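I opened this entry to keep track of what I looked up, topic by topic.

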There are 2 protein chains.
Amino acid sequence: MHIVDVNSQILEENSRLAEINRKMFAEQNIYVANFMSAPGAGKTTLLEKTIKKMQHLFKISVIEGDLQTDLDAERIKNLNVPAHQITTGTVCHLDARMVHNALHEFDIIGQELLFIENVGNLVCPADFDLGENLKVMIFSVVEGADKPQKYPVMFHNVDAVILNKMDLIEYSDVDLDNLIQNIREINTVAPIFPVSCKDGSGIDDWVNWLSTKIK
Amino acid sequence: MHIVDVNSQILEENSRLAEINRKMFAEQNIYVANFMSAPGAGKTTLLEKTIKKMQHLFKISVIEGDLQTDLDAERIKNLNVPAHQITTGTVCHLDARMVHNALHEFDIIGQELLFIENVGNLVCPADFDLGENLKVMIFSVVEGADKPQKYPVMFHNVDAVILNKMDLIEYSDVDLDNLIQNIREINTVAPIFPVSCKDGSGIDDWVNWLSTKIK
């Protein structure tokens, strides 16, 4: 019970800080999207594709979360987009305080769209509100159609699901209809975008939808 | 600092319980392998393939860890192997206490080989000793060659690395030599087994190696 109490205190404090972040984002008129996925589902590659399609329309910044390395932030900077790396050490998710502290070092005034790429993990990031407007889940279709039932909190809490690596599905045993049906049992409303970052299919649908969310 | 103190207390208590588990496993002469991976890397499928090759040689039991559902335990029971499901709720890894408690309900006396399938997560399971003899990591090659540097604790702490979904690598941008080189920068000694659970390639090498570890 002690551990549960500590966790609920941590989540309560996180919600308080997330509200401060949310208020600040609203005051600055910055739309914030939090990208979450298992390791290797293609978050950074999807970000690159998304930025290339949107950077002529919006002023974009990126906060990258990783245990170690600034490899992802360097990839984003190559697109001439400001990027800030948070390295979490052994912590398996971003939290509102990490994002808040990052904003002391990373100026987003005048920006219109902030992407936050979370640590690759299908469990804990779902519990930690960062003050974002949109929670986006990227799921690699070759991870299997049974995953919505096995990681229900993540699938339930997100506002959009992007099914990446569609180019690989024909070589796998995963059935797309079955996967979508399993997602719908957990989340009845989030739009689902099948995409391939490799061949570019579906990216426009996702980008057009995202663009309509931003004032 | 408060959070760090709580975490170190949790890990200390976990190590104490893991030693109790380890002693009990040794007294019972049961070899224990802990399977860890990101979600959807193929832990359960590899377990099925491994069990089919080894169940005529050893008395095998399985403990399954998942947030929700007993889908994986049911798959294992279909092989006529005793399986026990631990559902962790929101906890993103197994710990020594969960395994210890499971053994009050799940009789492994007379068994020779116990597989523990951890929650799908490349971060936290690496920190929690369960009292096992062998930590095995299953990595889906299509997750990308940069992952050893991004999830170094897991890659560092394991005794064997299984590179699964080799059947998909030719359709991806992942370079096997580059991936292996990146693993070797983090872990110089663990044997690396490229396998495909789909076409069966490489499974015999892994099973033969594992068999030599068991007295």
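The notes below go from the sheet to the chain pair and then to single residues. I am working from a predicted model.

**Sheet of chain A**

I began with the strand order. Chain A has an open sheet of 7 strands in the order 3-2-4-1-5-6-7, with parallel pairing. I then looked for the edges and found strand 3 (83-87) and strand 7 (192-194) of chain A, each of which pairs on one side only. From one strand to the next the twist averages 20°.

Strand 6 and strand 7 of chain A run parallel and are joined by 3 bridges. I noted one residue pair there: I162(A) has F193(A) in strand 7 of chain A as its bridge partner.

Helix 2 (residues 43-54) of chain A touches strand 1 (31-37), strand 2 (60-66), strand 4 (113-117), strand 5 (134-140) and strand 6 of chain A. The direction of helix 2 makes about 170° with that of strand 4 of chain A. Helix 4 (residues 96-105) of chain A touches strand 2, strand 3 and strand 4 of chain A. For helix 4 the angle is about 135°, taken with the direction of strand 3 of chain A.

**Helix 4 of chain B**

I turned to helix 4 (residues 96-105) in chain B to see which side is covered. A96(B), M98(B) and V99(B) are buried in this helix. Seen down the axis of helix 4 of chain B, the buried residues fall within an arc of 160°, so they line one face of the helix. H104(B) and E105(B), on the other side of helix 4 of chain B, are exposed.

**Chain A against chain B**

I asked how many residues of chain A are in contact with chain B. The count is 33 residues of chain A, in contact with 33 residues of chain B. On the side of chain A that touches chain B, the elements that give two or more residues are helix 1 (2-28), helix 5 (147-150) and helix 6 (152-157) of chain A. I sorted the residues of that side of chain A into 17 nonpolar, 9 polar and 7 charged.

I then looked at how the copies are related. Chain A superposes on chain B by a rotation of 180° with 0.0 Å of shift along its axis, at RMSD 0.0 Å. I wrote this down as the relation of a two-fold axis. The same surface serves both copies, since 100% of the contact residues of chain A recur in chain B.

**Single residues in loops**

Two residues went on my list for positive phi. K165(A) is not a glycine, yet its phi is near 65°. I placed K165(A) in the loop between strand 6 (160-164) and helix 7 (176-186) of chain A. K165(A) counts as buried because it has 27 C-beta neighbours inside 10 Å, where 20 or more are needed.

N29(B) also is not a glycine and has a positive phi of about 60°. N29(B) sits in the loop between helix 1 (2-28) and strand 1 (31-37) of chain B. I counted 11 C-beta neighbours inside 10 Å, so N29(B) is exposed.

Last, I looked up D199(A), which lies in the loop between strand 7 and helix 8 (203-213) of chain A. D199(A) is exposed, with 10 other C-beta atoms within 10 Å.

Terms used:
Residues numbered from 1 in each chain as written. Chains lettered and ligands numbered in written order. Predicted model: local features only at pLDDT ≥ 70, side-chain atom pairs only at ≥ 80, totals over all residues. Helix = DSSP H or I, 4+ residues; strand = E, 2+ residues; numbered from the N terminus. Buried ≥ 20, exposed ≤ 12 C-beta atoms within 10 Å, placed from the backbone. Contact = placed C-beta atoms within 7 Å. Nonpolar A, V, L, I, M, F, W, Y, C, P; charged D, E, K, R; others polar. Pairing = 2+ DSSP bridges. Axes fitted to C-alpha atoms, helices over the stretch in contact; angles between N-to-C directions. Least-squares fit on C-alpha atoms with pLDDT ≥ 70 in both. Arc of directions from axis to C-beta.
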